[in-house]
Amino acid sequence: MSVYAFDKLISETRRLAAEYRRTTGQTLPVSGEIARYDAARLLGLTLCEPRSGGVDAVGCGEREGQRIQVKARMLSREGRPGARIGQLNPEGEWDRVVLVILDEEYEPCEIYEADRQEITDALAAAENTSRKRRGALSVAKFKIISQLVWTRENGLEEEIWTNR
């Protein structure tokens with residue numbers, strides 16, 4: 001058993017990662033773990049340990065039984081056009097993908113959610129591109145096909161809206 005509470009460790013990881021980025025201009029590869037923690041905490045998910053088949057968490061409540069893959073993208077002030085989310089395996093065992101958008105302090109700003117069909121349709125639309133072969137979607141495309149389910153300002157969105 002650890003001496004530290006997990007939420008305290010995540011908080012300290014956020015602080016150290018943000019300071020490291022400010023100091024060196026480089027990012028530490030911790031955003032995925034922070035996003036998993038935030039998605040579980042904010043959306044009421046149960047984290048899977050060990051992870052398998054691209055499944056990071058299982059839904060509860062309105063997401064009951066849904067197998068969820070969590071992705072993270074840290075957006076900075078300077079912004080990078082064409083930023084992509086991590087590779088998606090269309091053969092994985094997941095039902096939904098949650099994208100946690102983090103700010104420069106590694107704090108969640110927004111969370112988007114898309115189901116498997118929306119994602120496979122988007123990947124199929126990019127039929128002959130290298131992105132399709134790699135299972136990659138841009139953050140902009142993911143936002144278009146997904147639903148905004150949480151914001152820092154409003155918490156859980158009562159009426160989920162789509163970007164279509």
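Predicted model: local features only at pLDDT ≥ 70, side-chain atom pairs only at ≥ 80, totals over all residues.
**View 1. Salt bridges across the whole structure.** A search of the entire model turns up 18 salt bridges. The views below pick out several of them, starting with a pair that includes Arg63.

**View 2. Arg63 and Glu113 form a salt bridge.** The two side chains meet with an N to O distance of 2.8 Å. Arg63 sits in the loop between β2 (55-58) and β3 (67-74), while Glu113 belongs to strand β5 (residues 108-115), so the pair ties together parts that are 50 residues apart in sequence. Both partners are buried: this holds for Arg63 and for Glu113.

View 3. Arg63 has a relative accessibility of 6%. Buried means under 20%, so Arg63 counts as buried. Which residues does Arg63 contact, leaving aside its neighbours within four places in sequence? They are Leu43, Leu45, Ile68, Glu113 and Val149. Glu113 is also the salt-bridge partner of Arg63.

**View 4. Arg152 and Asp103 form a salt bridge.** Their closest N and O atoms lie 2.9 Å apart. Arg152 is in the loop between β6 (147-151) and β7 (155-162), and Asp103 is in the loop between β4 (96-102) and β5, so this pair ties together parts that are 49 residues apart in sequence. Are the two partners buried or partly exposed? Arg152, at 40% relative accessibility, counts as partly exposed. Asp103 is buried, with a relative accessible area of 16%.

**View 5. Glu110 and Lys143 form a salt bridge.** The closest N and O atoms of this pair are 3.8 Å apart. Glu110 lies in strand β5 and Lys143 in helix α5 (residues 139-145). The pair links distant parts of the chain, 33 residues apart. Glu110 is partly exposed, with a relative accessible area of 22%. Lys143 also counts as partly exposed, at 22% relative accessibility.

Definitions and conventions:
Residues numbered from 1 in each chain as written. Heavy atoms only, no water. Salt bridge = Lys/Arg side-chain N within 4 Å of Asp/Glu carboxyl O. Helix = DSSP H or I, 4+ residues; strand = E, 2+ residues; numbered from the N terminus. Buried < 20%, exposed > 50% of the residue type's maximum accessible area, 1.4 Å probe, protein only. Contact = heavy atoms within 4.5 Å.
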